[in-house]
Amino acid sequence: MKLLFQLFEKVSPIFKEGGKLSFMRPLYEAMENFFFAPSARTLCAPFSRDPLDIKRYMTMVIIGLLPCVAASIYFFGLRVIPMIIVSYMAGGVVEVAFAVIRKEEIAEGFLVTGLIFPLVLPPTTPLWMVAIGCAFGVFVGKEVFGGTGRNLFNPAIVGRCFLALAYPAAMSSSWVEPGHGITGRLLQYVTSANVEAITSATPLIHAKHGLFEDASHLVLGSIPGCIGETSGLMILCGGIFLLMTKVANWRTVASILVSAAVLETILNAVNPDQYAPAMWHIFAGGMLFGAFFMATDPVSSPSTNEGKWVYGILIGAITILIRNFSGYVEGMMFAILLGNIAAPIIDEMVFSVRLRLLRNE
Amino acid sequence: MRFRGGYNIKFDGKPDGLLKDVKRSEILYLPLKSRSFDFSTVCVDHGQRVGLGEVLAKDSNHYDVPLLSPSCGVVNLEKTPGHITLEDLSAGDVKSYTYQDDQEHIHKNVGSASLKRKLLNLGAWEFVKDAYTDRMPDPLSTPQAVIVSTVQLEPFLVRGDVLLKESLRQFTRGLEHLQSLLEYQPMYLAFPKITSDFAAKIKEQIRGYAWVKLIEVPLKYPYDNFEILSRHIGLKRSQGSIWGVNVEGVLAIDNALTSSKPCVERIISVAGPGASQPVHLRLTAGYPISAIKEAYSLENTITINGGMLTGRLLEDDDKGVPAECRGITFIPEHLSREFLGWVRPGFDRQSYSASFMSSLCSLFPERVTNAIRGELRPCVSCGFCEDVCPAGIMPHRLHKLIYQDDIDAVEQFRIDLCVECGLCSFVCPSKIELMQQFKDMKQTILKEKEIAAAEAAKEAAKKAAESQVDTE
């Protein structure tokens, strides 16, 4: 530890202004502050600060995602690991390149994007596609808008949407049947060449034809689907952890799930043969994963608490409508994208109401 | 308005109930600038011998509020820049002081005006603050209401109960004096929402005063802020000034009006995580800070005038305790850099979010340093600042509007309601200096308004001159 600190001290002049590698300064600073707490001190009141910083904030999301990662490795095999690594590398390269060009610090946001992105892909996605999708998501979804904090869309969803439109076959027709034994597919490396493991349909595709998978499989996650989205139980574990740390806002999650459940209950009451029960839809597909980990992204969701309710209701309702009344089987991705587009407008509406209330103060 | 937002930060180093007298100092450094006053009109000469309670300087911009000599001694104007130094101190006795008002016979019939003048001359008026502007109100004006607060919630400042325990009788007498200055305007007494024997005793005492309205305040920072209190009561800014007085002020008013003595003694807190022994001290303005530091501070600390959240840094140039000082806070300097601190479980950290293991155990005081504890990042709209804001405004939104330099929108989003409590800056995970930005922006808006007003006046004068020419 001391040695490492001395090493940083030794090489720091190279990265300082006028040094040989001064253009790589953002990378050096990121590394130094990764290992050692920043040395900055307060110059104005308040003279002490809360221990939470953005690194910790993003770490909480990563911890929340770990149960899903564990479940996905169990159900879909070891191939999940290289997918995550490739995604991190692609996202990281784009992020670092932009930080160097802009001469700004490297923001920690890509640590979350890089992990969420592979979790919303089918398990057979080729690695080059993962790389392109993640790079595209970080580039178009975030950097073009000015970097972390200024993006309109959730970068992971932009990347996923790009892949879904650019390579529709790879994204929707080839799924992996999860392992049903005790060890699952824990020790297997499943690619699209493993014919016995490949299936062409997920529960949502079956549902289009009125075939509803047993709900207990949906809760456990032993169904074909996107890598991290299948195991409702594990998503709930990680998601509730996130809500408890106040990193994800409970209003968004609650409003998505409740609005989807209410709408689906009504549809189910009208025609139980065509429309699945509410709980089935909540655990199917990416509904839970999207509600807990993607819609709650604070940057791309409305910044006001009232706005979060509207945003959540919008996403929940649109998802159910797309799933039941359109050609697409899964609606969560488009619903969140639409929610992201609506977020600034929702915010403006909340602001105007609040300003009217504040005017009398 | 209901009380909203707020956050109690638990820190180590709060002063206990002890009240100590300080050692007499050989020399006093009276700063000419304090938080809201600028005593630029010096009334004494270099080398002049002054008595206790004599006026050393005045602030001509604030109704000639005087800087009183806390002791007998010889004035030295050249020793330290920005200060009046008093040397060769001889034991001045407050008891021997007699207040002389040469104009008293003229004002005798006016009643409250003469009392208010007396308060100003004896240095008690500077404890009265306007709730909305936080400035000293015009001593000859009448407010729409008076708020007396016994609550003090900012970490490390003098606790109201310590003062009250010392002098409950003086406090109630001071309330009577305060009431005599008013003409049937309501008086509110902000009282902590607690049940203790002492609180019951005070309530019993106050019950006799029909003209005092009791408001119970939950013990959450910064509900003791006068602006928050007046908005809670429903007093509108447009309907006249609101006087805010805390316990110290009531005691000063009692001291000035009952015994006609100058208010030169004050009680301040010396505390904070960098204090070796957090206490309350009874001293006079101008007491050397170095002496306090030597006696009560640990090594490698920064010194702050005021509380930790709203105070100001005292530099080496500041030699003496300023006139309005309510407490001195010591905070250890951030020296060692923690290895991989952001992935540690964090049993020893107290955070507004629940991102550390410590949130599983009950709240505990944390020993902190002046580290920013993170790197500056763009706002991610996490909403913590809005959650803690007691004024009901949106700090994250204001921050973005200030970034865009959209002053009209900043005003529309009511930056003027900000009470500068510092909680938004404290909780921000992106480490944005929100409070400082708002303070600067308020100054900019004020300046622009002044310029606009001056221009409008010029225009009006021009028009008047033109119309005069026309009529001629």
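Colleague: What makes H3(A) and helix H11 of chain A roughly antiparallel?

Modeller: This is a predicted model. The axes of H3(A) and helix H11 (residues 232-244) of chain A cross at roughly 170 degrees and come within 8 Å. Because angles over 145 degrees count as roughly antiparallel, H3(A) is described as roughly antiparallel to H11(A).

Colleague: Which residues meet between H3(A) and H11(A)?

Modeller: From H3(A) the contact includes Met60(A), Val61(A), Ile63(A) and Gly64(A). Among those on the side of H11(A) are Met234(A), Ile235(A), Cys237(A) and Phe241(A). By class, 14 nonpolar and 3 polar residues make up the contact of H3(A) with H11(A), and no charged residues.

Colleague: How many residues of each chain are in contact between chain A and chain B?

Modeller: Chain A contributes 43 residues, in contact with 54 residues of chain B. Helix H2 (25-35), helix H3 (54-76) and helix H16 (332-359) of chain A each supply at least two residues of the side of chain A that touches chain B. H3(A) gives the most to that side, with 6 residues. By class, the side of chain A that touches chain B has 22 nonpolar, 11 polar and 10 charged residues.

Colleague: Why is Leu127(A) called partly exposed?

Modeller: Leu127(A) has 16 C-beta neighbours inside 10 Å. A residue is buried at 20 or more and exposed at 12 or fewer, so Leu127(A), with 16, counts as partly exposed. Leu127(A) is found in helix H6 (residues 127-141) of chain A. Leaving aside neighbours within four places in sequence, Leu127(A) is in contact with Pro82(A), Met83(A) and Val86(A).

Colleague: What makes E9 and E12 of chain B edge strands?

Modeller: Strand E9 (129-130) and strand E12 (212-217) of chain B each pair on one side only. The open sheet to which they belong has 5 strands in the order E9-E13-E10-E11-E12 (chain B), with mixed pairing.

Technical notes:
Residues are numbered from 1 along each chain as its sequence is written. Chains are lettered from A and ligands numbered from 1 in the order in which they are written. This is a predicted model: local features need pLDDT of at least 70, side-chain atom pairs count only at pLDDT 80 or more; totals for chains, interfaces and linings use all residues. Two residues are in contact if their C-beta atoms, placed from the backbone, lie within 7 Å. Helices (H or I, at least four residues) and strands (E, at least two) are DSSP runs, numbered from the N terminus. Ala, Val, Leu, Ile, Met, Phe, Trp, Tyr, Cys and Pro count as nonpolar, Asp, Glu, Lys and Arg as charged, and the others, Gly among them, as polar. Axes are lines fitted to C-alpha atoms, for helices over the stretch in contact, and angles run from 0 to 180 degrees between N-to-C directions. Angles under 35 degrees count as roughly parallel, over 145 as roughly antiparallel, 65 to 115 as roughly perpendicular and the rest as oblique. Two strands pair if DSSP finds at least two bridges between them.
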